[in-house]
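The following exercises are meant to be worked through with the sequence and the coordinates side by side. Each consists of a task and a stepwise solution.

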Amino acid sequence: MQKTYKFIIDFIKENGYSPSYREIAKGVGCALSTVADRLDKLVKFGMIEMKPNVPRTIKVVGYSYVKDEERECENEL
């Protein structure tokens, strides 16, 4: 479960949006059903929030993401 959580955080940091179930499965090397179970547990533990049946809505509780490109623009000002 921790590997899945870290993958989600790293994916959002890199891409600026949350991963799909398939991307998580590929990234951590598990089946789609396992991803669903792990995400349910992460929701129950209050580590993530997500809207049911809506793609790419995983939000990591307590994290705020800013894409690197946006940071670079801020630094130039």
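**Exercise 1. Identify which residues of the largest nonpolar core touch the most other members, and which elements supply this core.**

Solution. In this predicted model, the largest nonpolar core has 16 residues, and I8, I24, L39, I48 and V60 are those that touch the most other members. The next step is to assign the core to secondary structure: the elements that give two or more residues to it are α1 (2–15), α2 (21–28) and α3 (32–44), and among these α1 gives the most, with six residues. In soluble globular proteins, nonpolar side chains tend to be buried together.

**Exercise 2. Find the aromatic pairs of the structure and classify the geometry of each.**

Solution. There are two aromatic pairs to be found. In one of them F7 and F11 lie 5.9 Å apart, centre to centre, with 40° between the planes, and the pair is therefore tilted, given that stacked requires planes under 30 degrees apart and edge-to-face requires over 60. Both residues belong to helix α1 and, because they are four residues apart, they are separated by about one helical turn. F7 and F11 are both buried. The other pair joins F11 to Y17, with 5.7 Å between the centres and 75° between the planes, and is edge-to-face. Comparing the burial of its two partners, F11 has a relative accessible area of 13% and is buried, whereas Y17, at 39%, is partly exposed. Taken together, F7, F11 and Y17 form one aromatic cluster.

**Exercise 3. Determine which residues of α2 are buried, and how they are arranged about the axis of the helix.**

Solution. Begin with the burial assignments, according to which I24, A25 and V28 are the buried residues in α2. Viewed down the axis of α2, the buried residues fall within an arc of 100°, so they line one face of the helix. Turning to the face directed away from this buried side, one finds the exposed residues R22 and K26. It then remains to ask what covers the buried residues of α2; the cover includes α1 and α3. Finally, following the chain beyond the helix, one reaches G29, which comes after α2 and has a positive phi, near 70°.

Conventions. Residues numbered from 1 in each chain as written. Predicted model: local features only at pLDDT ≥ 70, side-chain atom pairs only at ≥ 80, totals over all residues. Heavy atoms only, no water. Core = buried A, V, L, I, M, F, W, Y, C linked by side-chain atoms within 4.5 Å. Buried < 20%, exposed > 50% of the residue type's maximum accessible area, 1.4 Å probe, protein only. Phe/Tyr/Trp six-rings, centres within 6.5 Å; stacked < 30°, edge-to-face > 60°. Arc of directions from axis to C-beta. Contact = heavy atoms within 4.5 Å.
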